[in-house]
Amino acid sequence: MDLTSRQTIQYIKQKYGFQMRKGLGQNFLCDASALDAIITAAGLTAESGALEIGPGIGVLTARLAAAAKKTVAVEIDARLLDVLAETLDGYDNVKIVHADVMKTDLAALIAEELSECNSVSIAANLPYYITTPILTRLLEDTSLHVQNIVVMVQKEVAQRLCATPGSKAYGALSVLVAYHCIPEIVTVVPASSFLPPPKVDSAVVKLAMRAAPPVTPRDERLFFRTVRAAFGQRRKTLINALCGAGLFAGPKDELRSIVASLGFNETIRGETLGLSEFCALSDALSAHGIS
Ligand code: SAM
């Protein structure tokens, strides 16, 4: 069965009386070259494990199963379980877990199902309604120990993930990504590559996980609170944004002198700061008793 073929998807829809649910982000991939790009970027070997989020009818799952030692896929929609049993028949190295990925302990799932694999990569054509919560969760969970996260996301999200300081797309998510990974846009995928086509174009992004973050803040929680506060009110200066977010409750002059002591201009905005500047800032705030 060629699962990238529109005829196959129509056949499955008819056979199972299946209608795609927009609310679950069900835009199925029918573009073999985009699929190839995801598989290549995931860097799987016969000894590695793959974790997929949202297998749908199994188009990516089958390719992961062919490339990896074992694949585990988490799907929320019970209607797809019978479909997946048919489309993945013939692969004895795939486990489908019927669950909401946001409520699944992924570290426990990896430990349970993929412990015999020498590395694990995550691959997904993500449901766009929860792209940011899923990615934030994957990046913040340091117990996952995965090698690569390769995801299809909206093109604008891909640009945010890979954005550098000073660019329009740069934000708190870009900092979270830069802290944990080396990001790369692998390829842009037009809306016409999906059935049904979404309203926006998409892109495949590879997040190669770093062995360790490139900066070491004294207080990692404060580092990310500072980042979120700095981007919380983009139009404001860094000083006003930090005060406005309640991160710095002391006199504004004290914050001015902290910012000046770091060599930053008083009117600087958060969107121009990179990892090391945010690290220096949060360390200085920490030294002033902020936690
Ligand atoms: N992997 C398939 C493909 O590439 O054609 C389907 C991708 S489709 C964009 C997103 C998939 O995620 C759907 O199968 C949808 O049911 C599933 N999904 C949506 N929300 C989910 C959640 N919270 N947990 C797990 N799967 C979810």
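Predicted model: local features only at pLDDT ≥ 70, side-chain atom pairs only at ≥ 80, totals over all residues.
Student: What share of the contacts with a separation of 6 or more comes from residues 24 or more positions apart?
Tutor: The chain has twelve helices and nine strands, and its C-alpha atoms fill a box of roughly 70 × 40 × 30 Å along the principal axes. Buried residues make up 51% of the 291 residues. Among contacts with a separation of 6 or more, the share from residues 24 or more positions apart is 69%.

Student: Which residues lie nearest the centre of the largest cavity?
Tutor: The structure holds two cavities of 30 Å³ or more, and the largest cavity contains about 340 Å³ of space. Its lining draws at least two residues from each of β1, β2 (49–53), α3 (59–67) and β3 (70–75). Of the 30 residues in that lining, those nearest the centre are G54, P55, G56, E75 and N125.

Student: How many charged residues does the lining of the largest cavity have?
Tutor: Sorted by class, the lining of the largest cavity has 21 nonpolar residues and six polar ones. The number of charged residues in this lining is three.

Student: Which residues line the second largest cavity?
Tutor: The second largest cavity contains about 30 Å³ of space. By class, its lining has three nonpolar, three polar and no charged residues. The residues concerned are G25, N27, N125, L126, Y128 and F194.

Student: Is L29 buried or exposed?
Tutor: L29 lies in strand β1, which spans residues 28–29. Leaving aside neighbours within four places in sequence, L29 is in contact with L3, T4, A34, L35, I38, V59, N125, M152, S193 and F194. Because buried means under 20% relative accessible area, and L29 has a relative accessibility of 3%, L29 counts as buried.

Student: Which residue has the backbone oxygen that the side chain of S121 reaches at 3.2 Å?
Tutor: S121 lies in strand β5 (residues 120–125) and counts as buried at 3% relative accessibility. Not counting residues up to four places away in sequence, S121 touches A42, L44, G49, A50, L51, Q147 and N148. The backbone oxygen reached by its side chain at 3.2 Å belongs to A42.

Student: Why is helix α8 described as largely enclosed by the rest of the structure?
Tutor: The residues of α8 that are buried are L173, S174, V175, L176, V177, Y179 and H180. They are covered by elements including α6, α7 (155–161), β7 (181–189), β9, α9 (220–232) and α12 (275–287). Helix α8, residues 172–180, is largely enclosed because the number of its nine residues that are buried is seven.

Student: What is the omega of the cis peptide bond that joins L195 and P196?
Tutor: Most peptide bonds are trans. P196 is found in the loop between β8 (194–195) and β9 (202–209). The bond joining L195 and P196 is cis, with an omega of about -10°.

Student: What is the phi of H145?
Tutor: Most residues other than glycine have a negative phi. H145 is found in the loop between α6 (131–140) and β6 (148–154), where it is exposed with a relative accessible area of 69%. Although H145 is not a glycine, it has a positive phi of about 50°.

Technical notes
Residues numbered from 1 in each chain as written. Heavy atoms only, no water. Helix = DSSP H or I, 4+ residues; strand = E, 2+ residues; numbered from the N terminus. Buried < 20%, exposed > 50% of the residue type's maximum accessible area, 1.4 Å probe, protein only. Contact = heavy atoms within 4.5 Å. 1 Å grid on protein atoms, 1.4 Å probe; cavity = no way out; pocket = protein on both sides within 12 Å on 5 of 7 lines; lining within 4 Å. Points joined across faces, edges and corners; volume = space filled by probe spheres on them. Nonpolar A, V, L, I, M, F, W, Y, C, P; charged D, E, K, R; others polar. Polar contact = N/O pair within 3.5 Å; in protein donor to acceptor, adjacent residues only side chain to side chain.
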